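Biologist: I am new to this structure, and I would like to learn how to read its features one at a time. Could you take me through them slowly?

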Amino acid sequence: MLRLDAVEAGYGDVMAARAVSLEVRAGEIVALIGSNGAGKTTTLRAIAGLLPLRGGSVELEGRRLSGLGPAAVVAAGIAHVPEGRQLFPTMTVRENLELGARTAAGRARRAETLTRVFELFPRLAERLGQLAGTLSGGEQQMVAIGRALMARPRLLMLDEPSLGLAPVVVGAIFANLTAINRDGLTILLVEQNVLRALRCSHRAYVLENGTITLAGDSATLLADERIKRAYLGR
Amino acid sequence: MAVGLTLIFGVMRVVNFAHGDMMVWGMYLAFVLSTRAGIDPYVSFVVCAAALFVLGVAVQRGLVDRILAAPHEMQILLMLGVALVLENTALLAFGPEPARVRSPLARLTWDVGPLYVDVARLVTFGLAIVLTLALSLFLFHTERGRLIRAAADNPYGAMVIGTDVRRVYATAFGIGAACVGAAGALVSPILPFQPPTGLSLSVTSFNIVIIGGMGSLLGAFIGGLLVSVAESLGAVFLRPSLKELFSFSLLILILLLRPAGLFGRRAS
């Protein structure tokens, strides 16, 4: 479904992603793991069109996305839950969610999607009129995921959804991701919490210093000695 | 006028120093429409707003867009440059003599008991309220308006959900300019003007916006009322030439007591 071929991207003189190649198949949850500064966020931003590609190509269902701006990438069917959530703090939860429905598909099925978002995150239904900036971190993450779902994407990308959240909340968020995936949505997940990411995903890629160093089934990687030593502290 | 300025600042964090000069262009446009075509400024303000909308979009697209990421002092220089160009073009086109638009409304007064009510001012005031209300309805109850607020709140977040942020900025700048265009036309029968009037108008609107709180529409409206009341009282109790003393004392007072302005959000 999504194919990255030797993607290069970076900031200024720093090339944070060097020759990243990976593939996400329809219906999968794919995790992209690695330590801080390995180039995970850069890769996601390059896919989303928020950062220009310096080399390589990005394809969604055979269609080249390279060179498109963020608006065109969202319209093509990729929704992005960015690091730090990036909500609209002085707008209400309802406004934040509805602003996510900017694609043709999202607009057409707005009410239906909103109902599904409330099924996944009942807490949001109670807080509809509240300003997003006054929510707890976990609730804000729910709004960010809900806002991305409102676009009715074919691929959902999440950047560090567990960042700064209490373990109980992280567990709930990951359970929701599994539920969203069962709805038929393909997910690309960037995560520093390697254990959680490998447990919830089908396949995973390990990113080190801007390149993919290891790839495979999540279950296999979970048992891999190198992964255990480098990321799981065992 | 101040409502337009606060919209532009609130959305783009760009201080529009050409604001007063845009207003003067609104006034001259009303002047031309009135003298050449005989259209009353209380009608032609719609045309002036539309023309200034186009000017605002052009300034945003052609100039401001390039320096949004630049430091504040560069933005100030650019906007001062735009102000100079607008002022001197007005000088070239209309000459330095003070102008005033005639409107039959401007000569009417009502006697209400012991008070004289200037009909022109009353109409201007009423229209200002209507325009401010219309603007806030637009910002809070239409999708385009919500997008403007979203882009003001978090431009990166707006990009993430697939918004063409530059287009939203152009709309916001256009609407801000349209507000001054309308304001210029509406005060043109009351206030005599000449090309350099722009600077003092800019200063007054900054005063209002700072008192009301940067980026708050309600603040801009209340600030406008406070400043005009302060200036009128100053003109009555001291000398008319000292009226600014009052409004600027008010500014200092507000800055001392509430640095973010009456309705401003505190910088985090």
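This is a predicted model: local features need pLDDT of at least 70, side-chain atom pairs count only at pLDDT 80 or more; totals for chains, interfaces and linings use all residues.

Biologist: In what order do the strands of the open sheet in chain A lie?

Modeller: Strands (E, at least two residues) and helices (H or I, at least four) are DSSP runs numbered from the N terminus, and two strands pair if DSSP finds at least two bridges between them. Here the open sheet has four strands in the order β2-β1-β4-β5 of chain A, paired antiparallel, and its edge strands, β2 (14-24) and β5 (63-64) of chain A, each pair on one side only. Strand β1 (residues 2-11) of chain A is joined to β2(A) by six bridges, and A:L2 stands opposite A:V24 in β2(A).

Biologist: What caps the N-terminal end of helix α11 of chain A?

Modeller: A polar contact is a pair of N or O atoms within 3.5 Å; within protein, one must be able to donate a hydrogen and the other to accept it, and residues adjacent in sequence count only if both atoms are side-chain atoms. The cap of α11 (residues 225-232) of chain A is A:D224, with a side-chain oxygen 2.8 Å from the backbone nitrogen of A:R226, and after α11(A) comes A:G233, whose phi is positive, near 65 degrees.

Biologist: How much area do chain B and chain A bury between them?

Modeller: The size of an interface is often given as the accessible area lost when the parts come together. With a 1.4 Å probe and a sum over both parts, chain B and chain A bury about 1,800 Å², 58% of it on carbon and sulfur atoms. In chain B, the residues that lose the most area to chain A are B:Y156, B:V160 and B:I161, together 33% of what that side buries.

Biologist: How many salt bridges are counted between chain B and chain A?

Modeller: A salt bridge is a side-chain nitrogen of Lys or Arg within 4 Å of a carboxyl oxygen of Asp or Glu. The count between chain B and chain A is four, including the one from B:R149 to A:E95, whose closest N and O atoms are 3.0 Å apart.

Notes:
Residues are numbered from 1 along each chain as its sequence is written. Chains are lettered from A and ligands numbered from 1 in the order in which they are written. Side-chain values use heavy atoms; hydrogens and water are left out. Buried area is the accessible area (1.4 Å probe) that two parts lose on being put together, summed over both.
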